[in-house]
Amino acid sequence: MIQNPHLRLDGIRAVLIDLDGTLVDTAGDFGVALNAMLAALGAAPVPTGRLMTFVGKGTANLVRKTLAERFPDNEIESLFARAQDKYEAVYTSINGENTVLYPEVREGLAALREAGLPVACITNKQHRFAVALLEHYALADHFDLVYGGDSWPRRKPDPMPLIKACEAFGVSPSQAVLVGDSGNDAQAARAAGCASLTVPYGYNHGESIQTIDTDGIVASILGAARAILPRATSDLAS
């Protein structure tokens with residue numbers, strides 16, 4: 001693992017970026033929606049910090065893990081459909097309201113766009129939720145494509161979404177880098193043959209980022225842009 005403020009990646013022709021925990025701190029929205037789901041089932045709330053350790057492997061996993069905090073294993077499947085419907089209804093109504101954009105996201109995305117690199121958002125969040133959240137922050141125009149956890153038959157840490165994005169951009173996986181906050185992202189990048197950068201402020205299932213097999217830890221999306229772009233603009237160099 002490299003942790004170097006002067007890190008440079010050579011030959012990158014496309015950038016793939018995670019969403020939750022990388023671009024936007026979505027803990028507040030997840031906490032509200034999941035605890036509303038539990039309340040509808042007559043269960044007590046779970047601390048948001050605990051819920052965030054479940055984030056990263058799609059909605060179904062998130063709902064099941066949350067149910068497991070309050071219900072015995074033999075009841076989870078019978079409750080699942082009702083629970084997921086409630087979660088999705090609440091999440092749809094609040095998407096973006098209790099979230100915070102991480103520092104230097106806009107600057108980093110603008111630098112990548114100015115450099116002319118194609119950029120994809122690849123998340124395990126459902127596609128409709130991802131697009132709505134990017135639009136909430138007026139970030140959608142910074143991305144050439146958005147893949148959600150339901151865009152392909154398999155999601156991260158499977159490499160399929162990354163490989164599909166590379167195909168769409170007409171680049172080989174070795175010419176792409178995935179920027180994320182978790183081992184989920186780094187595993188997908190390794191499996192696809194992409195480079196991997198990790199930001200230090202996300203969720204990573206409650207585990208230290210020092211455990212992640214990544215090519216570098218960068219302070220922000222702007223830090224990632226500094227590592228990726230072959231020539232720093234005056235803005236990036238400052």
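Which residue forms a salt bridge with Asp 158? The partner is Arg 154, and the closest N and O atoms of the two residues are 3.1 Å apart. Asp 158 is partly exposed, with a relative accessible area of 22%, and Arg 154 is partly exposed as well, at 45%. Please keep in mind throughout that this is a predicted model.

Let me now turn to the overall layout. The domain assignment divides the protein chain into domain 1, made of residues 14-23 together with 102-228, and domain 2, made of residues 26-94. Between the C-alpha centres of these two domains the distance is 25 Å. On the contact side, 13 residues of domain 1 touch 13 residues of domain 2, and the area buried between the domains comes to about 1200 Å², with carbon and sulfur atoms giving 52% of that area.

As for the polar part of this interface, the rule finds 7 residue pairs in polar contact across it, both residues of each pair being at pLDDT 80 or more. From domain 1, the element that gives the most to the side touching domain 2 is helix H6, residues 127-136, with 3 residues. The rule also finds 1 salt bridge across the interface of domain 1 and domain 2. Elsewhere in my notes I have the pair Glu 88 and Arg 128, which form a salt bridge with their closest N and O atoms 3.3 Å apart; Glu 88 falls within the bounds of domain 2 and Arg 128 within those of domain 1.

If we take Ile 17 and leave aside its neighbours within four places in sequence, its contacts include Leu 109, Leu 112, Val 119, Ile 122, Phe 143, Leu 178 and Ile 221.

In general, an α-helix has 3.6 residues a turn, so residues three or four places apart point the same way. After H7 comes Gly 170, whose phi is positive, near 70°.

I would like to come back to charged pairs, of which the structure holds 10 in the form of salt bridges. In one of them the side chains of Asp 20 and Lys 125 meet at 3.1 Å, N to O. This pair links distant parts of the chain, 105 residues apart, with Asp 20 in the loop between strand E1 (14-17) and strand E2 (24-25), and Lys 125 in the loop between strand E4 (119-122) and H6. Asp 20 is buried, with a relative accessible area of 8%, and Lys 125 is buried too, at 6%.

How are Asp 213 and Arg 190 placed, by comparison, buried or partly exposed? Their side chains also meet in a salt bridge, at 3.1 Å, N to O, and they too link distant parts of the chain, 23 residues apart, Asp 213 lying in the loop between strand E7 (195-198) and helix H9 (221-228) and Arg 190 in helix H8, residues 183-192. Here Asp 213 is partly exposed, at 47%, and Arg 190 counts as partly exposed at 34%. Finally for this topic, Asp 18, Lys 156 and Asp 185 are linked in a network of salt bridges.

Ala 43 is buried, because its relative accessible area is 16%, and, neighbours within four places in sequence aside, Ala 43 is in contact with Leu 38, Arg 70 and Phe 71. From Ala 43 to Gly 216 the separation is 173 residues in sequence and 42 Å in space, C-alpha to C-alpha.

Technical notes:
Residues numbered from 1 in each chain as written. Heavy atoms only, no water. Contact = heavy atoms within 4.5 Å. Domains from an automatic or database assignment. Buried area = accessible area lost by both parts, 1.4 Å probe. Salt bridge = Lys/Arg side-chain N within 4 Å of Asp/Glu carboxyl O. Polar contact = N/O pair within 3.5 Å; in protein donor to acceptor, adjacent residues only side chain to side chain. Helix = DSSP H or I, 4+ residues; strand = E, 2+ residues; numbered from the N terminus. Buried < 20%, exposed > 50% of the residue type's maximum accessible area, 1.4 Å probe, protein only.
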